[in-house]
Structure formats: C-alpha cells, structure tokens
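Subject: Structure for your review

Dear colleague,

Please find the structure below, handed over for your use. I would be grateful if you would read the notes that follow with the structure open.

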Amino acid sequence: MADVPARLEALAAGAGLDRAGLHSRLGAALDAVVHLVRGPDGRRRVAEIGLFTRGPDGLVGTEKAAEFAPDGRMREGPAWPRLVRLCAGGDGTDRIDGGTAR
C-alpha cells in the first residue's frame, strides 16, 4: 500500500504530469486506497485500507487504517479514527487538502 503514490507517479509521468502536479491532484481527489490480494483459492479479498496523508513536503503518502487477516479478523491501524470519521460523513476537516467531504 505504501507504494501507491509511487505507482501513480509512474502513470502520471507517462501522461506528462509532473510529480508536484500529481500529488496536488491526488490529495484533492482521493481519501482512501483499498488493497486487494488474491487468496490460494483464486478469490480476492480486502487485505488493507489506507488513507492518504500529505507530508510537510507536500507529497502524498498512505497511512494504514485497517488490516484484514485471511480469516477476516481486522486490526485497526493508526489512521482508523480518521477512517471512521470519514465513513460517518465527516465535516471535511479530515480531508488532506482542507476541502469539504463529498
């Protein structure tokens, strides 16, 4: 999950968008990332949910909100409280770009 911003940078570079431009758009457009994995039976399952965070350098990274074991057990991550607020229709103060929740 931590490599999501770097992967998006690679895609954006191919489209002519520089790093700063991508991170500006990324921070304004997305709140979360859902990481899926394929199990031995071929079925996909949610492995992690992460929230995007903006660092002091203006670049966007991810912070783990929840991790799911193959048996379905969930472990809360550091960003869990912010994920709960966002899912409850937070007042917008949780958005990393300072905008309002959509």
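This is a predicted model: local features need pLDDT of at least 70, side-chain atom pairs count only at pLDDT 80 or more; totals for chains, interfaces and linings use all residues.

Residues are numbered from 1 along each chain as its sequence is written, and side-chain values use heavy atoms, with hydrogens and water left out.

Confidence. The chain has an average pLDDT of 87, and 88% of the residues score at least 70; pLDDT is the predictor's confidence in each residue, from 0 to 100. The mean is lowest in α2, at 89, and highest in β4, at 98. Helices (H or I, at least four residues) and strands (E, at least two) are DSSP runs, numbered from the N terminus.

The sheet. An open, antiparallel sheet is formed by four strands in the order β1-β2-β3-β4. Its edge strands, β1 (32–38) and β4 (74–76), each pair on one side only. From one strand to the next, the twist averages 35°; axes are lines fitted to C-alpha atoms, for helices over the stretch in contact, and angles run from 0 to 180 degrees between N-to-C directions. Seven bridges join β2 (residues 44–54) to β3 (residues 60–68) in the antiparallel sense, where pairing requires that DSSP finds at least two bridges between two strands. Glycine 50 has lysine 64 in β3 as its bridge partner.

The helix across the sheet. Helix α2 (residues 19–29) lies across β2 and β3 and runs at about 110° to β2.

Valine 37. This residue lies in strand β1 and counts as partly exposed because its relative accessibility is 24%. Leaving aside residues up to four places away in sequence, valine 37 touches Arg43, Arg44, Arg45 and Ala47; contact means heavy atoms within 4.5 Å.

Aspartate 3. This residue is found in the segment before α1 and, with a relative accessible area of 34%, is partly exposed. The side chains of aspartate 3 and arginine 7 make a polar contact (2.8 Å). Such a contact is a pair of N or O atoms within 3.5 Å; within protein, one must be able to donate a hydrogen and the other to accept it, and residues adjacent in sequence count only if both atoms are side-chain atoms.

Yours sincerely

Definitions and conventions: Buried means under 20% relative accessible area, exposed over 50%, partly exposed in between (1.4 Å probe, protein chains only).
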